[in-house]
Amino acid sequence: MLTVLLVDDDPEFTHIACLLLEHMDCDVKVASTLAEARKWLSSLTFDHILIDFMLPDGSGMHVVDEITAISSPPKVTFITGHPAIKSIIADLCDDNTNYLVKPIDKDSLSRVLGNNNNNVAACENAINKHFGSLVGETEAMQHLYQQIERVANTKANVMIFGESGVGKELVAQAIHNQSSASGAFVATNCGAIAKDLISSELFGHEKGAFTGAISRKIGVFEQANNGTLFLDELTEMPLEQQPSLLRVLESKKLTRVGGTQSISVNCRVISATNKPVDDIATDNVLREDIYFRLAVFPLTVPPLRQRKQDIQLLADAFIHEYNIENATKYAISDKQIRLLQEYDWPGNVRELRHVLYRAAIMSDPYDHTLLLPMQIGSPFSKTTQNGGTIEAGRTIDDVEKELIYATLSKVSGNKTAAASMLGISTKTLYNRLHAYGDFEDEGA
Amino acid sequence: MIHNNKKQRLEDTIHDIRSPLNNISMHAEIAKLALNNELPAEQGRASLEAIIANCKTCSELLQALVEP
């Protein structure tokens with residue numbers, strides 16, 4: 001049983017908090033002032049102190065100073081209802097000190113009591129990876145998950161469409177994970193293989209088949225037997241090489257380069273391209289017969305700008321990954337998430353991951369606060385951004401919010417200038433920001 | 001000056017309203033536990049009454065903002 005000292009001068013709050021804490025198997029003692037808290041601390045030992053930041057006879061901060069003299073000091077969680085104080089407390093937090101912002105619910109209480117010392121593990125549990133690889137809960141992703149689930153149970157070949165960096169290989173991996181295939185998942189990038197070596201890479205070769213073929217090589221088709229073969233950047237494969245691929249897809253038999261024996265192969269082929277589906281025919285990058293053989297089930301992975309609500313989850317997942325790899329404890333604030341959501345991410349999830357990793361590298365490891373770059377962007381972002389970001393399916397409120405934040409960013413946060421540029425009164429702008437929950441950050 | 005006073009009053013109200021809001025949130029947790037038979041039903045009823053009372057407090061605080 002956890003022993004908890006609850007220090008707060010609001011009797012209604014302490015009464016309800018006691019009920020909740022006792023229901024969570026805690027032994028609770030209550031104090032309404034610093035003096036009473038000191039009395040309890042001099043006579044009993046506690047595992048955890050939940051303390052209001054502002055008490056009638058002084059700041060709860062004094063208790064932190066005093067308990068450092070105790071051989072095994074209790075963990076301390078400050079309770080505050082004031083957002084301005086929240087940022088001050090956040091700076092004080094370490095393994096032993098945490099904070100809770102009102103309004104408080106049972107989960108947040110449970111989190112500070114149960115996982116105070118293990119925030120990283122808690123974070124890991126909170127990140128839900130669909131099919132063991134995909135992160136995101138937006139409607140677009142839910143639709144994708146449904147498609148993956150349906151197609152995984154079949155043997156149909158799948159062609160994945162999506163911009164560069166959206167995670168096409170992870171989707172392929174998800175289909176494989178969800179299927180009942182007994183073989184391996186083998187991935188190869190058609191754009192990275194030299195033209196002369198494509199046949200050898202796909203179908204393998206016999207020893208002495210060509211100069212430099214010093215031993216037998218098993219191709220990716222054979223490696224993926226009874227499993228899944230992922231052909232990334234399929235449209236980069238030269239057209240003249242595509243008939244041999246078609247033959248294998250149709251006959252399910254291959255002959256290694258320089259060999260004579262016909263070998264049966266049984267694998268699902270998942271291919272991917274970053275070209276829009278309409279460009280495939282017009283750009284003449286894929287034979288029609290190959291397309292129909294491989295795109296039995298076409299799947300489109302949405303770009304990140306169409307699922308900006310997932311940025312929070314993705315950022316948490318990437319930072320958690322970085323923290324595990326580097327034994328750091330970085331966290332990202334709500335304000336930083338909003339900043340990330342304002343950007344258009346032409347490089348998609350890959351770009352987001354790189355921006356966060358770069359920020360983590362640049363941040364002070366003792367501060368735990370992530371230092372985002374002043375301006376997020378890549379050499380490729382301008383051309384994409386100029387194309388406009390308004391897509392059908394978004395609400396007017398969403399677009400309005402994005403426009404307001406973009407304008408504020410343009411005028412360095414000057415609300416009068418922003419209101420003038422937007423053609424609305426400053427009062428209306430404040431009302432909107434208040435509605436978005438941004439008012440608290442203004443020091444309310 | 002008037003603008004500053006108004007802003008201060010708004011900030012004070014925002015601060016004051018957090019206490020009843022917090023009580024609503026925590027009483028709702030108690031009511032949930034009572035509904036799941038993890039706490040006595042009487043406790044749940046008392047928390048629902050407290051939620052109504054705290055809502056009235058919130059309403060009064062907000063009303064005070066628009067009254068001269």
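1. Start with the open sheet in chain A: five strands in the order 2-1-3-6-7, with parallel pairing. Keep in mind as you look at it that this is a predicted model. Strand 2 (26–31) and strand 7 (97–101) of chain A sit at the edges with a single partner strand each, so one side of each has no neighbour in the sheet. From one strand to the next, the twist averages 20°.

2. Now for one pairing inside that sheet. Five bridges join strand 3 (residues 48–52) and strand 6 (residues 75–80) of chain A, in the parallel sense.

3. Which strands does helix 1 of chain A touch? Helix 1 (residues 11–23) packs on the sheet against strand 1 (2–7) and strand 2 of chain A, and its direction makes about 165° with that of strand 2. Helix 2 (residues 34–43) of chain A lies across strand 1 and strand 2 too, running at about 135° to strand 2.

4. On to the nonpolar cores. The largest has 57 residues, and those touching the most other members are Ile160(A), Val171(A), Ile175(A), Ala315(A), Ile319(A), Leu352(A) and Leu356(A). Another core, of 33 residues, lies apart from it and includes Leu5(A), Leu20(A), Ala31(A) and Ile51(A).

5. Ile160(A) is worth a click: leaving out residues up to four places away in sequence, Ile160(A) touches Lys168(A), Val171(A), Ala172(A), Ile270(A), Ala272(A), Leu299(A) and Val301(A).

6. Last, the contact between the chains. Chain B puts in 16 residues and chain A puts in 16 residues. On the chain B side that touches chain A, you'll find six nonpolar, six polar and four charged residues.

Conventions: Residues numbered from 1 in each chain as written. Chains lettered and ligands numbered in written order. Predicted model: local features only at pLDDT ≥ 70, side-chain atom pairs only at ≥ 80, totals over all residues. Contact = placed C-beta atoms within 7 Å. Nonpolar A, V, L, I, M, F, W, Y, C, P; charged D, E, K, R; others polar. Core = buried A, V, L, I, M, F, W, Y, C linked by C-beta atoms within 7 Å. Buried ≥ 20, exposed ≤ 12 C-beta atoms within 10 Å, placed from the backbone. Pairing = 2+ DSSP bridges. Helix = DSSP H or I, 4+ residues; strand = E, 2+ residues; numbered from the N terminus. Axes fitted to C-alpha atoms, helices over the stretch in contact; angles between N-to-C directions.
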